[in-house]
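User: I'd like to learn how to read some features of a fold. Can you take me through a few, with the general idea before the case?

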Amino acid sequence: MRTLEENIFVVGAVVTGDSFFGREAMLSLLESAVIAGVGSRHLVGPTRIGKTSLVEQLFLQNKDTPNRLFVQINLGYCENAYDFWTTLTDAVRDQLEEKGLWNEDFTACYERIDNLPGPENEGWWRVYRGQVIKIMAAVKERGFRLVLAIDEFDAVVRVFGQRSVYFQLLRSICSEPKFATSGILISRRRLQLLEAICPDISTFHGVFPEMTVLPFSAEDLEAFYQALDLYDVKVSAGGKKRLARYTGHMPYLCCLFAEQMVAGRSRVESYGDKEMEAIFKQLLPQIDRHYEDLIERLEEDGHTDFIFYLSIGAKVPNLTPRDLENLTAMGTLLSETEDGKPRYYVFSHDFMTYFRLRPLRLPAWETMMAGEGRIKAIFQKEFPRLATVTYRKLISSEGEALMASIDREYPELRLNWIQVKGYAQDLAAHKDEPTVLDVLTLSKVISVMLYTWDKRFFRYFGDNSWKGRLETIRKVRNPIAHGQIEHVDAQELSECLQFCDELVHLKY
(Lines give C-alpha, C1' and ligand atoms only; values in the text may rest on other atoms or scores of the structure.)
Protein backbone atom coordinates (compact mmCIF):
# COMPACT_ATOMS: atom_id res chain seq x y z
CA MET A 1 0.00 0.00 0.00
CA ARG A 2 1.28 3.45 -0.90
CA THR A 3 1.87 5.62 2.18
CA LEU A 4 1.47 9.38 1.92
CA GLU A 5 2.40 11.84 4.62
CA GLU A 6 0.81 14.83 2.93
CA ASN A 7 -2.96 15.17 2.66
CA ILE A 8 -3.55 15.42 -1.08
CA PHE A 9 -7.14 16.63 -0.62
CA VAL A 10 -6.70 20.33 -1.24
CA VAL A 11 -9.47 22.68 -0.16
CA GLY A 12 -10.05 26.01 -1.87
CA ALA A 13 -6.85 26.27 -3.91
CA VAL A 14 -6.45 25.32 -7.56
CA VAL A 15 -5.34 21.69 -7.73
CA THR A 16 -3.13 19.67 -10.07
CA GLY A 17 -1.14 16.45 -10.00
CA ASP A 18 -2.00 13.96 -7.26
CA SER A 19 -4.60 16.36 -5.85
CA PHE A 20 -6.57 16.34 -9.10
CA PHE A 21 -9.16 13.55 -9.33
CA GLY A 22 -11.16 12.26 -12.27
CA ARG A 23 -12.30 14.50 -15.14
CA GLU A 24 -10.54 12.14 -17.56
CA ALA A 25 -13.26 12.44 -20.19
CA MET A 26 -13.17 16.25 -20.18
CA LEU A 27 -9.37 16.31 -20.21
CA SER A 28 -9.38 14.02 -23.21
CA LEU A 29 -11.86 16.23 -25.07
CA LEU A 30 -9.88 19.39 -24.30
CA GLU A 31 -6.59 17.78 -25.29
CA SER A 32 -8.06 16.73 -28.62
CA ALA A 33 -9.66 20.12 -29.29
CA VAL A 34 -7.15 22.72 -28.10
CA ILE A 35 -3.81 20.94 -27.64
CA ALA A 36 -3.65 18.48 -30.53
CA GLY A 37 -6.25 20.32 -32.60
CA VAL A 38 -6.82 23.89 -33.67
CA GLY A 39 -10.12 24.55 -31.91
CA SER A 40 -11.24 26.61 -28.92
CA ARG A 41 -13.67 25.93 -26.07
CA HIS A 42 -15.77 27.77 -23.46
CA LEU A 43 -15.87 26.12 -20.02
CA VAL A 44 -18.99 26.98 -18.03
CA GLY A 45 -19.86 26.01 -14.47
CA PRO A 46 -20.69 27.34 -10.99
CA THR A 47 -18.21 28.69 -8.47
CA ARG A 48 -15.62 26.16 -7.20
CA ILE A 49 -16.77 23.38 -9.50
CA GLY A 50 -13.18 22.90 -10.70
CA LYS A 51 -13.02 24.83 -13.98
CA THR A 52 -9.65 26.46 -13.30
CA SER A 53 -8.18 23.25 -11.88
CA LEU A 54 -9.26 21.43 -15.03
CA VAL A 55 -7.30 23.85 -17.22
CA GLU A 56 -4.30 23.83 -14.86
CA GLN A 57 -4.22 20.03 -15.08
CA LEU A 58 -4.60 20.18 -18.85
CA PHE A 59 -1.61 22.50 -19.12
CA LEU A 60 0.44 20.41 -16.68
CA GLN A 61 -0.20 17.15 -18.54
CA ASN A 62 0.70 18.74 -21.86
CA LYS A 63 3.53 21.10 -20.89
CA ASP A 64 6.04 19.04 -22.86
CA THR A 65 3.94 18.94 -26.03
CA PRO A 66 6.23 20.10 -28.84
CA ASN A 67 5.64 23.47 -30.49
CA ARG A 68 3.13 24.77 -27.95
CA LEU A 69 3.12 27.98 -25.93
CA PHE A 70 0.87 28.02 -22.84
CA VAL A 71 -0.57 31.24 -21.40
CA GLN A 72 -3.15 31.72 -18.62
CA ILE A 73 -4.72 35.06 -17.68
CA ASN A 74 -7.30 35.84 -15.01
CA LEU A 75 -9.50 38.53 -16.50
CA GLY A 76 -10.98 39.26 -13.09
CA TYR A 77 -7.64 40.69 -11.97
CA CYS A 78 -7.43 43.15 -14.88
CA GLU A 79 -8.43 46.75 -14.27
CA ASN A 80 -9.16 47.61 -17.90
CA ALA A 81 -8.50 46.58 -21.49
CA TYR A 82 -5.01 48.08 -21.42
CA ASP A 83 -4.17 45.91 -18.43
CA PHE A 84 -5.49 42.76 -20.12
CA TRP A 85 -3.77 43.22 -23.47
CA THR A 86 -0.39 44.17 -22.04
CA THR A 87 -0.63 41.24 -19.58
CA LEU A 88 -1.26 38.97 -22.56
CA THR A 89 1.80 40.09 -24.51
CA ASP A 90 3.96 39.99 -21.36
CA ALA A 91 2.93 36.37 -20.79
CA VAL A 92 3.61 35.51 -24.45
CA ARG A 93 7.05 37.14 -24.16
CA ASP A 94 7.89 34.87 -21.20
CA GLN A 95 6.94 31.82 -23.27
CA LEU A 96 8.92 32.98 -26.30
CA GLU A 97 12.03 33.41 -24.18
CA GLU A 98 11.50 30.09 -22.38
CA LYS A 99 11.16 28.20 -25.67
CA GLY A 100 14.18 29.95 -27.22
CA LEU A 101 12.11 31.63 -29.94
CA TRP A 102 13.19 35.19 -29.31
CA ASN A 103 14.55 37.05 -32.32
CA GLU A 104 14.96 40.57 -33.70
CA ASP A 105 11.39 40.70 -34.99
CA PHE A 106 10.01 40.09 -31.51
CA THR A 107 12.46 42.64 -30.08
CA ALA A 108 11.17 45.35 -32.40
CA CYS A 109 7.52 44.59 -31.60
CA TYR A 110 8.04 44.55 -27.86
CA GLU A 111 10.04 47.78 -27.89
CA ARG A 112 7.00 49.55 -29.33
CA ILE A 113 4.68 47.88 -26.79
CA ASP A 114 6.97 48.78 -23.89
CA ASN A 115 6.86 52.42 -24.97
CA LEU A 116 3.09 52.66 -25.33
CA PRO A 117 1.36 55.72 -23.93
CA GLY A 118 -0.73 54.99 -20.83
CA PRO A 119 -4.33 53.77 -20.92
CA GLU A 120 -5.61 57.33 -20.56
CA ASN A 121 -4.28 58.01 -24.09
CA GLU A 122 -6.55 56.18 -26.53
CA GLY A 123 -3.75 56.16 -29.09
CA TRP A 124 -2.22 53.17 -27.30
CA TRP A 125 -4.66 50.77 -28.97
CA ARG A 126 -3.71 51.71 -32.54
CA VAL A 127 -0.04 51.06 -31.82
CA TYR A 128 -0.61 47.98 -29.70
CA ARG A 129 -3.01 46.27 -32.11
CA GLY A 130 -0.50 46.33 -34.95
CA GLN A 131 2.25 44.87 -32.79
CA VAL A 132 0.21 42.06 -31.23
CA ILE A 133 -0.95 40.99 -34.69
CA LYS A 134 2.69 40.77 -35.81
CA ILE A 135 3.65 38.81 -32.69
CA MET A 136 0.84 36.27 -33.05
CA ALA A 137 1.52 35.81 -36.75
CA ALA A 138 5.23 35.35 -36.04
CA VAL A 139 4.47 32.61 -33.52
CA LYS A 140 2.88 30.58 -36.30
CA GLU A 141 5.71 31.36 -38.71
CA ARG A 142 8.10 29.80 -36.18
CA GLY A 143 6.00 26.62 -36.28
CA PHE A 144 4.36 27.07 -32.88
CA ARG A 145 0.82 27.31 -31.60
CA LEU A 146 -0.40 29.40 -28.66
CA VAL A 147 -2.86 27.85 -26.19
CA LEU A 148 -4.49 30.78 -24.38
CA ALA A 149 -6.76 30.31 -21.32
CA ILE A 150 -8.73 33.29 -20.01
CA ASP A 151 -10.22 32.71 -16.55
CA GLU A 152 -13.17 34.64 -15.03
CA PHE A 153 -14.35 35.69 -18.46
CA ASP A 154 -17.52 36.99 -16.78
CA ALA A 155 -15.45 40.13 -16.08
CA VAL A 156 -15.09 40.89 -19.80
CA VAL A 157 -18.05 43.28 -19.77
CA ARG A 158 -16.35 45.39 -17.11
CA VAL A 159 -12.87 45.14 -18.62
CA PHE A 160 -13.71 45.64 -22.31
CA GLY A 161 -16.80 47.79 -21.81
CA GLN A 162 -18.66 48.34 -25.08
CA ARG A 163 -15.52 48.65 -27.22
CA SER A 164 -16.16 46.20 -30.05
CA VAL A 165 -12.57 46.40 -31.30
CA TYR A 166 -11.30 44.52 -28.24
CA PHE A 167 -13.80 41.70 -28.74
CA GLN A 168 -13.10 41.53 -32.46
CA LEU A 169 -9.35 41.18 -32.00
CA LEU A 170 -9.68 38.48 -29.30
CA ARG A 171 -12.06 36.56 -31.54
CA SER A 172 -9.72 36.93 -34.52
CA ILE A 173 -6.69 35.74 -32.57
CA CYS A 174 -8.55 32.57 -31.53
CA SER A 175 -10.18 31.83 -34.88
CA GLU A 176 -8.17 33.07 -37.87
CA PRO A 177 -5.62 30.60 -39.26
CA LYS A 178 -2.87 33.20 -39.54
CA PHE A 179 -2.65 33.44 -35.74
CA ALA A 180 -2.45 29.73 -34.74
CA THR A 181 -4.10 30.24 -31.35
CA SER A 182 -6.42 27.92 -29.41
CA GLY A 183 -8.51 29.70 -26.79
CA ILE A 184 -10.17 28.50 -23.61
CA LEU A 185 -12.66 30.85 -21.97
CA ILE A 186 -13.67 30.06 -18.36
CA SER A 187 -16.80 31.59 -16.83
CA ARG A 188 -19.81 30.98 -14.62
CA ARG A 189 -22.28 32.33 -17.16
CA ARG A 190 -22.95 31.34 -20.73
CA LEU A 191 -21.84 33.62 -23.51
CA GLN A 192 -25.44 34.35 -24.48
CA LEU A 193 -26.12 35.71 -20.98
CA LEU A 194 -23.08 37.96 -21.21
CA GLU A 195 -24.22 38.94 -24.69
CA ALA A 196 -27.40 40.39 -23.18
CA ILE A 197 -25.16 42.97 -21.48
CA CYS A 198 -22.63 43.36 -24.28
CA PRO A 199 -23.89 42.51 -27.80
CA ASP A 200 -20.34 42.22 -29.19
CA ILE A 201 -19.99 38.83 -27.49
CA SER A 202 -22.52 37.46 -29.99
CA THR A 203 -19.65 36.79 -32.40
CA PHE A 204 -18.00 34.39 -29.94
CA HIS A 205 -20.50 31.54 -30.08
CA GLY A 206 -19.20 29.91 -33.23
CA VAL A 207 -15.57 30.19 -32.12
CA PHE A 208 -15.92 28.88 -28.55
CA PRO A 209 -18.17 25.79 -28.35
CA GLU A 210 -19.55 25.32 -24.85
CA MET A 211 -18.50 22.64 -22.36
CA THR A 212 -20.29 22.47 -18.99
CA VAL A 213 -18.21 21.47 -15.97
CA LEU A 214 -20.58 19.46 -13.77
CA PRO A 215 -20.19 17.84 -10.33
CA PHE A 216 -18.20 14.62 -10.16
CA SER A 217 -19.55 11.88 -12.41
CA ALA A 218 -19.63 8.20 -11.43
CA GLU A 219 -16.20 7.76 -13.02
CA ASP A 220 -14.84 10.83 -11.23
CA LEU A 221 -16.18 9.54 -7.90
CA GLU A 222 -14.42 6.24 -8.45
CA ALA A 223 -11.14 8.14 -8.77
CA PHE A 224 -12.06 10.16 -5.66
CA TYR A 225 -12.64 7.04 -3.57
CA GLN A 226 -9.49 5.45 -4.94
CA ALA A 227 -7.60 8.46 -3.62
CA LEU A 228 -9.19 7.90 -0.21
CA ASP A 229 -8.06 4.27 -0.39
CA LEU A 230 -4.45 5.51 -0.45
CA TYR A 231 -5.02 6.50 3.17
CA ASP A 232 -6.96 3.33 3.97
CA VAL A 233 -10.12 5.42 4.47
CA LYS A 234 -13.28 3.33 4.16
CA VAL A 235 -16.71 4.77 3.41
CA SER A 236 -19.85 2.67 3.76
CA ALA A 237 -22.73 2.70 1.29
CA GLY A 238 -24.72 4.80 3.75
CA GLY A 239 -21.79 7.17 4.15
CA LYS A 240 -21.51 7.62 0.39
CA LYS A 241 -25.22 8.34 0.14
CA ARG A 242 -24.98 10.94 2.92
CA LEU A 243 -21.91 12.51 1.25
CA ALA A 244 -23.90 12.86 -1.98
CA ARG A 245 -26.77 14.56 -0.12
CA TYR A 246 -24.46 17.02 1.61
CA THR A 247 -22.15 17.83 -1.31
CA GLY A 248 -24.05 17.16 -4.54
CA HIS A 249 -20.64 15.71 -5.51
CA MET A 250 -19.29 19.22 -5.98
CA PRO A 251 -15.47 18.87 -5.91
CA TYR A 252 -14.87 21.62 -3.36
CA LEU A 253 -17.29 20.13 -0.83
CA CYS A 254 -16.13 16.56 -1.50
CA CYS A 255 -12.55 17.61 -0.73
CA LEU A 256 -13.71 19.41 2.43
CA PHE A 257 -15.11 16.10 3.68
CA ALA A 258 -12.17 14.05 2.43
CA GLU A 259 -9.67 16.28 4.20
CA GLN A 260 -11.48 15.61 7.49
CA MET A 261 -11.80 11.88 6.79
CA VAL A 262 -8.07 11.56 6.18
CA ALA A 263 -7.26 13.58 9.30
CA GLY A 264 -9.50 11.38 11.46
CA ARG A 265 -8.81 8.01 9.88
CA SER A 266 -6.94 6.63 12.91
CA ARG A 267 -10.07 7.05 15.04
CA VAL A 268 -12.69 5.77 12.58
CA GLU A 269 -12.85 2.28 11.14
CA SER A 270 -15.42 3.19 8.48
CA TYR A 271 -17.26 6.41 7.68
CA GLY A 272 -21.01 5.81 7.72
CA ASP A 273 -24.13 7.95 8.18
CA LYS A 274 -23.32 9.15 11.68
CA GLU A 275 -19.68 9.87 10.93
CA MET A 276 -20.60 11.90 7.84
CA GLU A 277 -23.18 13.83 9.81
CA ALA A 278 -20.55 14.63 12.44
CA ILE A 279 -18.14 15.92 9.79
CA PHE A 280 -20.93 17.95 8.21
CA LYS A 281 -21.71 19.70 11.48
CA GLN A 282 -18.01 20.37 12.03
CA LEU A 283 -17.74 21.91 8.56
CA LEU A 284 -20.93 23.98 8.75
CA PRO A 285 -19.16 27.39 8.86
CA GLN A 286 -17.21 26.66 5.66
CA ILE A 287 -20.21 25.08 3.95
CA ASP A 288 -22.49 27.98 4.83
CA ARG A 289 -19.92 30.46 3.51
CA HIS A 290 -19.78 28.51 0.26
CA TYR A 291 -23.57 28.47 0.04
CA GLU A 292 -23.69 32.24 0.59
CA ASP A 293 -21.15 32.68 -2.20
CA LEU A 294 -23.29 30.56 -4.51
CA ILE A 295 -26.40 32.55 -3.56
CA GLU A 296 -24.61 35.83 -4.20
CA ARG A 297 -23.76 34.64 -7.71
CA LEU A 298 -27.34 33.46 -8.25
CA GLU A 299 -28.59 36.90 -7.24
CA GLU A 300 -26.18 38.52 -9.73
CA ASP A 301 -27.59 36.28 -12.44
CA GLY A 302 -31.22 36.91 -11.43
CA HIS A 303 -32.00 33.28 -10.59
CA THR A 304 -33.01 33.46 -6.93
CA ASP A 305 -36.74 33.76 -7.67
CA PHE A 306 -36.67 30.53 -9.64
CA ILE A 307 -34.73 28.68 -6.94
CA PHE A 308 -37.02 29.96 -4.19
CA TYR A 309 -40.08 28.45 -5.86
CA LEU A 310 -38.19 25.25 -6.63
CA SER A 311 -36.97 24.94 -3.02
CA ILE A 312 -40.50 25.10 -1.57
CA GLY A 313 -41.94 22.70 -4.14
CA ALA A 314 -43.90 25.36 -5.98
CA LYS A 315 -44.54 25.85 -9.63
CA VAL A 316 -42.28 28.48 -11.14
CA PRO A 317 -43.74 31.72 -12.54
CA ASN A 318 -42.67 33.11 -15.91
CA LEU A 319 -40.40 30.17 -16.67
CA THR A 320 -39.28 29.78 -20.27
CA PRO A 321 -37.53 26.87 -22.01
CA ARG A 322 -34.54 29.18 -22.46
CA ASP A 323 -34.35 29.74 -18.69
CA LEU A 324 -34.21 25.99 -18.15
CA GLU A 325 -31.62 25.57 -20.87
CA ASN A 326 -29.39 28.25 -19.34
CA LEU A 327 -29.65 26.91 -15.80
CA THR A 328 -28.90 23.38 -16.96
CA ALA A 329 -26.05 24.38 -19.27
CA MET A 330 -24.45 26.42 -16.48
CA GLY A 331 -24.45 23.38 -14.18
CA THR A 332 -26.84 25.12 -11.76
CA LEU A 333 -29.95 22.96 -12.25
CA LEU A 334 -29.54 19.21 -11.80
CA SER A 335 -31.94 16.30 -11.60
CA GLU A 336 -32.11 12.72 -10.42
CA THR A 337 -34.69 9.98 -10.79
CA GLU A 338 -36.80 9.20 -7.73
CA ASP A 339 -39.60 6.62 -7.93
CA GLY A 340 -39.30 6.73 -11.70
CA LYS A 341 -39.78 10.50 -11.82
CA PRO A 342 -37.24 13.31 -12.14
CA ARG A 343 -36.55 15.40 -9.06
CA TYR A 344 -34.97 18.76 -9.73
CA TYR A 345 -32.57 20.54 -7.42
CA VAL A 346 -29.89 23.21 -7.48
CA PHE A 347 -26.29 22.23 -6.60
CA SER A 348 -27.21 19.72 -3.88
CA HIS A 349 -30.16 18.59 -1.76
CA ASP A 350 -28.62 20.18 1.30
CA PHE A 351 -28.20 23.49 -0.53
CA MET A 352 -31.92 23.44 -1.33
CA THR A 353 -32.75 22.92 2.35
CA TYR A 354 -30.42 25.77 3.36
CA PHE A 355 -31.92 28.05 0.72
CA ARG A 356 -35.49 27.26 1.82
CA LEU A 357 -34.72 28.15 5.44
CA ARG A 358 -32.87 31.35 4.62
CA PRO A 359 -34.81 34.64 4.78
CA LEU A 360 -34.93 36.00 1.24
CA ARG A 361 -35.23 39.49 -0.16
CA LEU A 362 -38.01 38.48 -2.52
CA PRO A 363 -41.49 40.03 -2.83
CA ALA A 364 -43.32 36.72 -2.49
CA TRP A 365 -41.20 35.13 0.22
CA GLU A 366 -42.75 36.60 3.37
CA THR A 367 -46.31 36.22 2.09
CA MET A 368 -45.92 32.59 1.04
CA MET A 369 -44.01 31.58 4.18
CA ALA A 370 -46.52 33.33 6.45
CA GLY A 371 -49.40 31.62 4.62
CA GLU A 372 -47.72 28.24 4.97
CA GLY A 373 -47.15 28.83 8.67
CA ARG A 374 -50.82 29.67 9.16
CA ILE A 375 -52.02 26.57 7.34
CA LYS A 376 -49.72 24.30 9.33
CA ALA A 377 -50.79 25.92 12.60
CA ILE A 378 -54.42 25.04 11.79
CA PHE A 379 -53.36 21.55 10.69
CA GLN A 380 -51.52 21.02 13.98
CA LYS A 381 -54.71 21.64 15.97
CA GLU A 382 -56.26 18.56 14.38
CA PHE A 383 -53.13 16.40 14.30
CA PRO A 384 -51.15 17.55 17.36
CA ARG A 385 -48.93 14.48 17.64
CA LEU A 386 -47.22 15.35 14.38
CA ALA A 387 -45.63 18.36 16.06
CA THR A 388 -44.18 16.21 18.86
CA VAL A 389 -42.66 13.35 16.87
CA THR A 390 -39.10 14.30 15.96
CA TYR A 391 -36.69 12.84 13.45
CA ARG A 392 -34.57 11.53 16.32
CA LYS A 393 -37.56 9.54 17.61
CA LEU A 394 -38.35 8.20 14.12
CA ILE A 395 -34.89 6.68 13.70
CA SER A 396 -34.69 5.36 17.28
CA SER A 397 -35.45 1.79 18.34
CA GLU A 398 -39.03 2.92 19.01
CA GLY A 399 -39.45 4.43 15.55
CA GLU A 400 -41.37 1.60 13.89
CA ALA A 401 -43.86 1.36 16.75
CA LEU A 402 -44.26 5.14 16.77
CA MET A 403 -45.05 5.29 13.06
CA ALA A 404 -47.56 2.45 13.38
CA SER A 405 -49.23 4.26 16.27
CA ILE A 406 -49.62 7.46 14.23
CA ASP A 407 -51.02 5.48 11.30
CA ARG A 408 -53.67 4.01 13.60
CA GLU A 409 -54.54 7.32 15.24
CA TYR A 410 -54.59 9.34 12.01
CA PRO A 411 -55.50 6.87 9.21
CA GLU A 412 -56.62 9.70 6.91
CA LEU A 413 -53.04 10.99 6.67
CA ARG A 414 -51.66 7.98 4.78
CA LEU A 415 -48.11 9.12 5.40
CA ASN A 416 -45.20 7.94 3.27
CA TRP A 417 -42.73 7.33 6.09
CA ILE A 418 -39.76 6.77 3.80
CA GLN A 419 -40.34 10.20 2.32
CA VAL A 420 -40.99 11.78 5.73
CA LYS A 421 -37.74 10.41 7.15
CA GLY A 422 -35.81 11.47 4.05
CA TYR A 423 -37.07 15.06 4.28
CA ALA A 424 -36.48 15.08 8.05
CA GLN A 425 -32.92 13.92 7.53
CA ASP A 426 -32.30 16.86 5.19
CA LEU A 427 -33.83 19.33 7.62
CA ALA A 428 -32.02 17.89 10.66
CA ALA A 429 -28.74 19.24 9.30
CA HIS A 430 -29.99 22.81 9.71
CA LYS A 431 -32.72 22.68 12.37
CA ASP A 432 -32.66 21.06 15.78
CA GLU A 433 -35.23 18.31 16.28
CA PRO A 434 -37.36 18.67 13.12
CA THR A 435 -40.82 17.14 13.50
CA VAL A 436 -43.10 15.25 11.15
CA LEU A 437 -45.22 18.39 10.77
CA ASP A 438 -42.13 20.41 9.77
CA VAL A 439 -41.42 18.18 6.79
CA LEU A 440 -44.92 17.59 5.43
CA THR A 441 -45.25 19.41 2.11
CA LEU A 442 -47.88 22.10 1.91
CA SER A 443 -49.48 20.23 -0.97
CA LYS A 444 -49.89 17.16 1.27
CA VAL A 445 -51.28 19.22 4.15
CA ILE A 446 -53.87 20.95 1.97
CA SER A 447 -54.87 17.67 0.33
CA VAL A 448 -55.63 16.20 3.76
CA MET A 449 -57.53 19.37 4.74
CA LEU A 450 -59.76 19.16 1.67
CA TYR A 451 -60.27 15.41 2.11
CA THR A 452 -61.38 15.85 5.72
CA TRP A 453 -63.00 19.29 5.26
CA ASP A 454 -66.45 18.63 6.72
CA LYS A 455 -65.19 16.43 9.53
CA ARG A 456 -62.25 18.52 10.70
CA PHE A 457 -61.48 21.83 9.03
CA PHE A 458 -64.69 23.62 8.01
CA ARG A 459 -65.00 25.13 11.49
CA TYR A 460 -61.67 26.96 11.20
CA PHE A 461 -62.68 28.73 8.01
CA GLY A 462 -66.47 28.87 8.31
CA ASP A 463 -66.90 29.28 4.58
CA ASN A 464 -66.74 26.66 1.83
CA SER A 465 -65.24 29.24 -0.52
CA TRP A 466 -61.97 28.57 1.27
CA LYS A 467 -61.86 25.12 -0.29
CA GLY A 468 -61.32 26.77 -3.66
CA ARG A 469 -58.69 29.14 -2.26
CA LEU A 470 -56.78 26.32 -0.63
CA GLU A 471 -56.98 24.36 -3.86
CA THR A 472 -55.43 27.31 -5.69
CA ILE A 473 -52.57 27.44 -3.17
CA ARG A 474 -52.13 23.68 -3.40
CA LYS A 475 -52.02 23.83 -7.18
CA VAL A 476 -49.26 26.43 -7.13
CA ARG A 477 -47.38 24.58 -4.40
CA ASN A 478 -47.69 21.16 -6.00
CA PRO A 479 -44.28 19.44 -5.78
CA ILE A 480 -42.48 19.00 -9.08
CA ALA A 481 -42.76 15.39 -10.18
CA HIS A 482 -43.13 15.36 -13.94
CA GLY A 483 -40.94 15.20 -17.01
CA GLN A 484 -40.38 18.93 -17.01
CA ILE A 485 -40.47 21.65 -14.41
CA GLU A 486 -44.00 22.98 -14.15
CA HIS A 487 -44.70 26.67 -14.31
CA VAL A 488 -47.53 28.91 -13.13
CA ASP A 489 -48.97 31.90 -14.92
CA ALA A 490 -49.08 35.39 -13.43
CA GLN A 491 -52.79 35.18 -12.60
CA GLU A 492 -52.44 31.93 -10.63
CA LEU A 493 -49.48 33.29 -8.69
CA SER A 494 -51.28 36.55 -7.92
CA GLU A 495 -54.29 34.67 -6.58
CA CYS A 496 -52.08 32.37 -4.50
CA LEU A 497 -50.32 35.34 -2.87
CA GLN A 498 -53.64 37.07 -2.23
CA PHE A 499 -55.07 33.98 -0.53
CA CYS A 500 -51.90 33.53 1.55
CA ASP A 501 -52.25 37.11 2.74
CA GLU A 502 -55.91 36.49 3.65
CA LEU A 503 -54.85 33.41 5.60
CA VAL A 504 -52.46 35.45 7.71
CA HIS A 505 -55.30 37.74 8.76
CA LEU A 506 -57.84 34.97 9.25
CA LYS A 507 -59.27 34.67 12.77
CA TYR A 508 -60.18 31.28 14.12
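Analyst: Let's begin with handedness: a crossing is left-handed if the near helix is turned anticlockwise from the far one by less than a right angle, and right-handed if clockwise. Here α3 passes α4 in a left-handed crossing. Helices (H or I, at least four residues) and strands (E, at least two) are DSSP runs, numbered from the N terminus. Keep in mind that this is a predicted model, where local features need pLDDT of at least 70, side-chain atom pairs count only at pLDDT 80 or more, and totals for chains, interfaces and linings use all residues. Residues are numbered from 1 along each chain as its sequence is written, and side-chain values use heavy atoms, with hydrogens and water left out.

User: At roughly what angle do the axes of α3 and α4 cross?

Analyst: Axes are lines fitted to C-alpha atoms, for helices over the stretch in contact, and angles run from 0 to 180 degrees between N-to-C directions. For α3 (residues 81–98) and α4 (residues 104–114), the axes come within 12 Å and cross at roughly 150°. Angles over 145 degrees count as roughly antiparallel, and α3 and α4 are therefore roughly antiparallel to each other.

User: Which residues of α3 and α4 meet?

Analyst: Contact means heavy atoms within 4.5 Å. From α3, T89, V92, R93 and L96 meet F106, Y110, I113 and D114 of α4.

User: Now the sheet: what is the order of its 5 strands?

Analyst: Strands of a sheet pair through backbone hydrogen bonds, either parallel or antiparallel. Two strands count as paired if DSSP finds at least two bridges between them. This open sheet runs β2-β3-β4-β1-β5, with parallel pairing. β2 (68–74) and β5 (210–212) stand at the edges with a single partner strand each, so one side of each lacks a neighbour in the sheet. Parallel strands β1 (residues 41–44) and β4 (residues 181–187) are joined by 4 bridges, and V44 has S187 as its bridge partner in β4.

User: How do the strands β7 and β8 run?

Analyst: They run antiparallel, with 6 bridges joining β7 (residues 333–338) to β8 (residues 341–346). L334 stands opposite Y345 in β8. The two strands form a hairpin with 2 residues between them, and D339 in the turn has a positive phi of about 55°.

Note on methods
Parallel < 35°, antiparallel > 145°, perpendicular 65-115°, else oblique.
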